[in-house]
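Morning, everyone. Please bring up the model, and we'll walk through it together.

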Amino acid sequence: MPTRRRTRLSLFGTAVAVLFAAGLGLSAMQDDPGAELIGDAANAPGWKTLAYEGVKVDIPADWERVDMGGCEFRFERWAPPKTPPCDPDAEGVAFYGSATFDPNVGPGVVQNDSADPQIPDWEGYVYAGDYAVHASANDRAVTEGILNSAR
């Protein structure tokens with residue numbers, strides 16, 4: 001009988017520990033406020049400025065934060081309205097940790113040569129702070145504007 005009770009207590013303790021750990025993980029994800037909208041970009045009408053983990057970047061004013069809660073990989077991302085949240089090839093700007101960012105080209109803007117109409121025509125990245133700021137858009141000036149503003 002004591003063995004049975006000890007087993008139940010052990011299982012109960014494990015269950016409580018798992019639930020506590022899951023609660024901490026969920027709490028940490030909910031506490032991450034993401035990028036802070038600072039306001040209109042000073043030198044670019046129709047653009048707004050974001051601040052994320054010490055990095056500031058200007059983006060088109062109609063872009064919004066993408067909810068990546070249901071995606072396999074989660075990172076800070078802003079894009080045009082109705083952009084598919086889990087499509088990494090869609091237009092937008094993303095903040096990737098520079099320590100783990102592994103691009104296949106150097107920093108700057110490149111033209112995509114894909115025949116897929118879902119892939120934006122232009123993309124690129126720059127390093128700012130601890131992040132690689134990656135931008136993609138169908139308009140080269142938008143992509144360059146985002147990357148040139150990263151600081």
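From the N terminus, the elements run α-β-β-β-β-β-β-β-β-β-α. That is 2 helices and 9 strands. Helices (H or I, at least four residues) and strands (E, at least two) are DSSP runs, numbered from the N terminus.

Ground rules. This is a predicted model, in which local features need pLDDT of at least 70 and side-chain atom pairs count only at pLDDT 80 or more, while totals for chains, interfaces and linings use all residues. Residues are numbered from 1 along each chain as its sequence is written, and side-chain values use heavy atoms, with hydrogens and water left out.

Now the overall numbers. The chain has 151 residues, and 32% of them count as buried. Buried means under 20% relative accessible area, exposed means over 50%, and partly exposed lies in between (1.4 Å probe, protein chains only). Take contacts between residues at least 6 apart in sequence: 38% of these join residues at least 24 apart. A contact means heavy atoms within 4.5 Å.

On to the rings. How many aromatic pairs does a search of the whole structure find? The search returns 8. Rings of Phe, Tyr and Trp (its six-membered ring) pair if their centres lie within 6.5 Å; planes under 30 degrees apart count as stacked, over 60 as edge-to-face, and the rest as tilted.

Look at Tyr52 and Phe95. This pair is tilted, with 5.0 Å centre to centre and 45 degrees between the planes. Tyr52 sits in strand 2 (residues 47-52) and Phe95 in strand 6 (residues 92-97), so the pair links distant parts of the chain, 43 residues apart. Both Tyr52 and Phe95 are buried.

Next, Phe101 and Tyr125. Their pair is edge-to-face: 5.0 Å between centres, 70 degrees between planes. Phe101 is in the loop between strand 6 and strand 7 (108-111), and Tyr125 is in strand 8 (residues 122-128), so the pair ties together parts 24 residues apart in sequence. Phe101 and Tyr125 are buried too. Ring pairs also link Phe75, Tyr96, Phe101, Tyr125 and Tyr127 into a cluster.

Last, the sulfurs. There is 1 disulfide, meaning a pair of cysteine sulfur atoms within 2.5 Å. Cys71 is joined to Cys86, S to S 2.0 Å. The link of Cys71 and Cys86 is left-handed, at -90 degrees about the S-S bond. Is each end buried or partly exposed? Cys71 counts as buried, at 8% relative accessibility. Cys86 counts as partly exposed, at 44%.
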